[in-house]
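Please read them with the coordinates open.

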Amino acid sequence: MIEVENVHKSFGEHHVLKGISTAFEKGKTNLIIGQSGSGKTVFLKCLLGLFEPDEGQICYNGQYYSELSIKERRNLRQEMGMVFQGSALFDSMTVEGNVMFPLDMFTNQSKSEMQDRVDFVLKRVNLIDAHKKFPAEISGGMQKRVAIARAIVMNPKYLFCDEPNSGLDPKTAILIDNLIHEITQEYDITTVINTHDMNSVMEIGEKIIFLKNGFKEWEGTNKEIFKTDNQAVTDFVYSSELFKKVRQMYIEERN
Amino acid sequence: MKVKCSTIFLFLSPQVHNKRMKYLEAIGKYFIMIWEVFKKPTKWPIMRSLILKEIDELIFGAMGIIIFISFFIGGVVTIQTALNLNSPFLPKSLIGFATRQSVILEFAPTFTSIIMAGKVGSYITSSIGTMRVTEQIDALEVMGVNSLNYLVFPKIIATMMYPFAVAVSMFVGILGGWVAAVFGGYAPSGEFIKGLQMDFDSFHVTYAFIKSIVFAFVIATVPSFHGYYMKGGALEVGKASTTSFVWTSVVIIIVNYVLTQLLLG
């Protein structure tokens, strides 16, 4: 579980995060949504420990990040998996090399143990024949799956995803969403996804927080988002005609 | 008086002040980067393979161009020296002597380093810069890897092999001089070799190697700095490579002056 208490973050004069408080529960898929420039990425980077909040605290399973020593922070980082927007796979390594990298770096496992683990996670993300291929030789969807495999290979307690289905076709995007959701439940991890994709919001958003101009404007579940009267949320989520109709149908059905 | 006032005004103007502060900030950031490179080392088996890979890329990968340039530079130095020694009272062996001194003291260590700043330096900046743009460095940091140690340290160790490249450059440069002298008809082989052996001071070779080790450090770290801290996209990677070449060359020239004054002055 990750608890966020009154987090503020500024860059020079620009106050990006303005007192965000929330909690991300274990075994749930938590989504951060909001317009570009609302502070989503900065918030995610604060959660990852890449940015330190100017004010406020982030607590990981009862441990306050600001109170941890450098070594403890490093150990905590190893409990985190991250799927970057552009996958961020290492170009010079094969798919197998990318997934094996954290194991090679931080564990003392034998080559065969590492190979077994890599085979297992690649199978889990439905990539069986891509071991020896380089990132440039596989599709965007496959790259995302490799990034997920690399993120979960160390059995993380926390999984962070920055727009995991951006640039993917709708079918592959749903596949990636479902994969993240399944992995979250299967391994009982705390997953936080930063997304613009409303399909993800509807399909896998067990908890959604909506950021606007650095403030937390709203939080709830994907069921509650249909019912909310918050103007900022409805303007953002139901900006397309399709989603307006979906919401209308949902309300009519409920009535 | 007017000119003086305007010069002072320009010196104190906010734009100039900001620019100077920016340079000072960059210098400070560079030294902090160097400090970070040596902290929290990567596991030795991984580091060993990275170092071997970098030796292959940075040293052996550059040998072709070093040999090619050194050979012709040696030849040109010989021809120019020969053409300037018109007096019949000056022995032809001076051509060999001048070639040896020029190649060992300056051309092999400094000229080759400037070429390396272009070839190896721009490779380092663009490869690290691309990793920054594509979030690969962020990925390393998130995993808890000291990205500076992982990326820059193997390059520093690999470039410590640079004196080997300089030694090859010295040999090939002098060989180029001999070929130009003998086959160009500027000096007989015996005279040229006699000149090569004349008043040989082995400290000059030591001086060249000391210089080349310092230059190697500059070639590994200045381009890494420009790549690691770059911001933007593909266009900025190109700009960072150019800037890194300029600054690496400037630092090499300054360090060359300082070391020459300290070691030979």
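Predicted model: local features only at pLDDT ≥ 70, side-chain atom pairs only at ≥ 80, totals over all residues.

1. What is the secondary structure of chain B? It comes to 10 helices and zero strands. Read along the sequence, the pattern is α-α-α-α-α-α-α-α-α-α.

2. Next, extent and burial. The C-alpha trace of chain B spans about 70 × 65 × 35 Å along its principal axes. Chain B has 265 residues, and 38% of them are buried. I count a residue as buried when 20 or more other C-beta atoms lie within 10 Å of its own.

3. Now the interface. On the chain B side, 12 residues are in contact with 14 residues of chain A. Which element of chain B gives the largest share of its side? Helix H5 (residues 136-143) of chain B does, with six residues. By class, this side of chain B holds five nonpolar residues, three polar ones and four charged ones.

4. Chain A brings in the strands. One open sheet has four of them, in the order E2-E1-E4-E5 (chain A). Its pairing is antiparallel. Strand E2 (14-24) and strand E5 (63-64) of chain A are the edge strands, and each pairs on one side only.

5. Look at one pair within that sheet. Strand E1 (residues 2-11) of chain A runs antiparallel to E2(A), and eight bridges join the two. For a residue to check, take A:Phe11: its bridge partner in E2(A) is A:His14.

6. Another open sheet of chain A has six strands. The order is E6-E7-E8-E3-E9-E10 (chain A), and the pairing is mixed. Its edges are strand E6 (80-83) and strand E10 (215-220) of chain A, each pairing on one side only. From one strand to the next, the twist averages 20 degrees.

7. How do E6(A) and strand E7 (residues 158-162) of chain A run, parallel or antiparallel? They run parallel, joined by four bridges. Within this pair, A:Met82 has A:Phe160 in E7(A) as its bridge partner. As a reminder, strands of a sheet pair through backbone hydrogen bonds, either parallel or antiparallel.

Technical notes. Residues numbered from 1 in each chain as written. Chains lettered and ligands numbered in written order. Contact = placed C-beta atoms within 7 Å. Nonpolar A, V, L, I, M, F, W, Y, C, P; charged D, E, K, R; others polar. Pairing = 2+ DSSP bridges. Buried ≥ 20, exposed ≤ 12 C-beta atoms within 10 Å, placed from the backbone. Axes fitted to C-alpha atoms, helices over the stretch in contact; angles between N-to-C directions.
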